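Please look at the sequence and the structure below. The questions after it are answered one at a time.

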Amino acid sequence: MRADPKIADPRLYVALDLPDIEAARAMVETLGDAVVSYKIGLQLLPLGGTEFGRELKRMGKNVFLDFKLHDIGATVEKATRSITEAGADLLTVHATPDVMAAAVDGRGDSGLKIMAVTVLTSLDDTSLYDMGYFNTVEELVMHRVRQAVDIGVDGVISSPLEAKNIRKIVPNNFLIITPGVRMPGGDKGDQKRVATPKDALRDGASHIVVGRPITQADDPKAAAIEILANIGNY
Ligand code: C5P
């Protein structure tokens, strides 16, 4: 697909988990033409993250608003409709059936794609049990993926280690976006279940999200280019 690692690959979303919009803007400038897709999350949301997403769209970037909506259906529907105004490409909601259906209604025929967060990657079987869910993470992930497909959301967020099983049961154009991506031998930080960029894509991810390995690197652009090289022509 692509031979030159210096050419941006839209499948790499860089998570702008940074303290303020100025820092995010500076990071986008530093990464320059190496990165074309960005994720804006809850840290920037209260500081003008949605408006910053508009600014990125004007620069020709792909924008993923990782706001993880979870509320009563009517509220999720209205919030999603408001978010369509921002012109972003992707929005996350939690993967309960009512929330997913409301988000699908709210996005209407806008270009916004709805991504369902199956089970947060910070949770394990014990945490689910403590919350009153008597499934394993794997069972709950697969259950929610089937519901997501039935309801008509566009894709799911999952651990890279779940991508392979998910890919087997979803339509070809269904998006699977995986955080928890690390270079071989890289520092895992608080990520428990990790894969390399190439392995995540090989196992069925359509896109990967990488944050700190790029944004906290001494040379963020070089770190991004290293990841693009790892993806190679895959
Ligand atoms: O770890 P990294 O900085 O690459 O994280 C990128 C994204 O992965 C974060 O924006 C967050 O949404 C997600 N994440 C996760 N599980 C963790 C930590 C972060 O899914 N334990």
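Q: Is Lys68 buried, partly exposed or exposed?
A: The place of Lys68 is in strand S3, where strands (E, at least two residues) and helices (H or I, at least four) are DSSP runs numbered from the N terminus. Buried means under 20% relative accessible area, exposed over 50%, and partly exposed in between (1.4 Å probe, protein chains only). Because its relative accessible area is 26%, Lys68 is partly exposed.

Q: What is phi of Lys68 near?
A: This is a predicted model, in which local features need pLDDT of at least 70, side-chain atom pairs count only at pLDDT 80 or more, and totals for chains, interfaces and linings use all residues. Residues are numbered from 1 along each chain as its sequence is written, and side-chain values use heavy atoms, with hydrogens and water left out. Lys68 is a residue other than glycine, yet its phi is positive, near 45 degrees.

Q: Which residue with a positive phi follows helix H4?
A: Helix H4 covers residues 97-107. After H4 comes a residue whose phi is near 50 degrees, and that residue is Gly108.

Q: Which elements do the buried residues of H4 pack against?
A: Val99, Met100, Ala102, Ala103, Val104, Gly106 and Arg107 are buried in H4. Packing rests on contact, which means heavy atoms within 4.5 Å. The partners of these buried residues are strand S3 (62-69), helix H3 (73-84), strand S4 (90-94), strand S5 (113-117) and H6.

Q: Is Ala101 buried, partly exposed or exposed?
A: Ala101 is found in helix H4. Because its relative accessibility is 30%, Ala101 counts as partly exposed.

Q: Why does Asp154 count as buried?
A: Asp154 sits in the loop between helix H6 (137-151) and strand S6 (155-157). Leaving aside neighbours within four places in sequence, its contacts include Arg107, Leu112 and Phe174. Asp154 counts as buried because its relative accessibility is 18%.

Q: Which residue has the backbone nitrogen that the side chain of Asp154 reaches?
A: A polar contact is a pair of N or O atoms within 3.5 Å; within protein, one must be able to donate a hydrogen and the other to accept it, and residues adjacent in sequence count only if both atoms are side-chain atoms. The side chain of Asp154 reaches a backbone nitrogen at 2.8 Å, and this nitrogen belongs to Ile114.

Q: What is the relative accessible area of Glu162?
A: Glu162 is in the loop between S6 and helix H7 (163-169). Beyond neighbours within four places in sequence, Glu162 is in contact with Val137, Val141 and Arg193. Glu162 is buried, with a relative accessible area of 9%.

Q: With which side chain does the side chain of Asn165 make a polar contact?
A: Asn165 lies in helix H7 and counts as partly exposed because its relative accessibility is 31%. Not counting residues up to four places away in sequence, Asn165 touches Glu138 and Met142. The polar contact of its side chain, at 3.2 Å, is with the side chain of Lys168.

Q: How many residues does the largest nonpolar core have?
A: A nonpolar core is a set of buried Ala, Val, Leu, Ile, Met, Phe, Trp, Tyr and Cys residues joined through side-chain atoms within 4.5 Å. In the largest one, Leu16, Leu65, Ile208 and Ile214 have the most contacts inside the core. A second, separate core of ten residues includes Leu90, Val117, Leu175 and Ile177. The largest core has 64 residues.

Q: What share of the area that the ligand exposes alone does the protein bury?
A: An oxygen atom of the ligand is 2.8 Å from an N or O atom in the side chain of Lys39, and a nitrogen atom of the ligand is 2.7 Å from one in the side chain of Thr121. Accessible areas come from the Shrake-Rupley method with a 1.4 Å probe; for residues, only the protein chains shown count as cover. Taken alone the ligand exposes 460 Å², of which the protein buries 83%.
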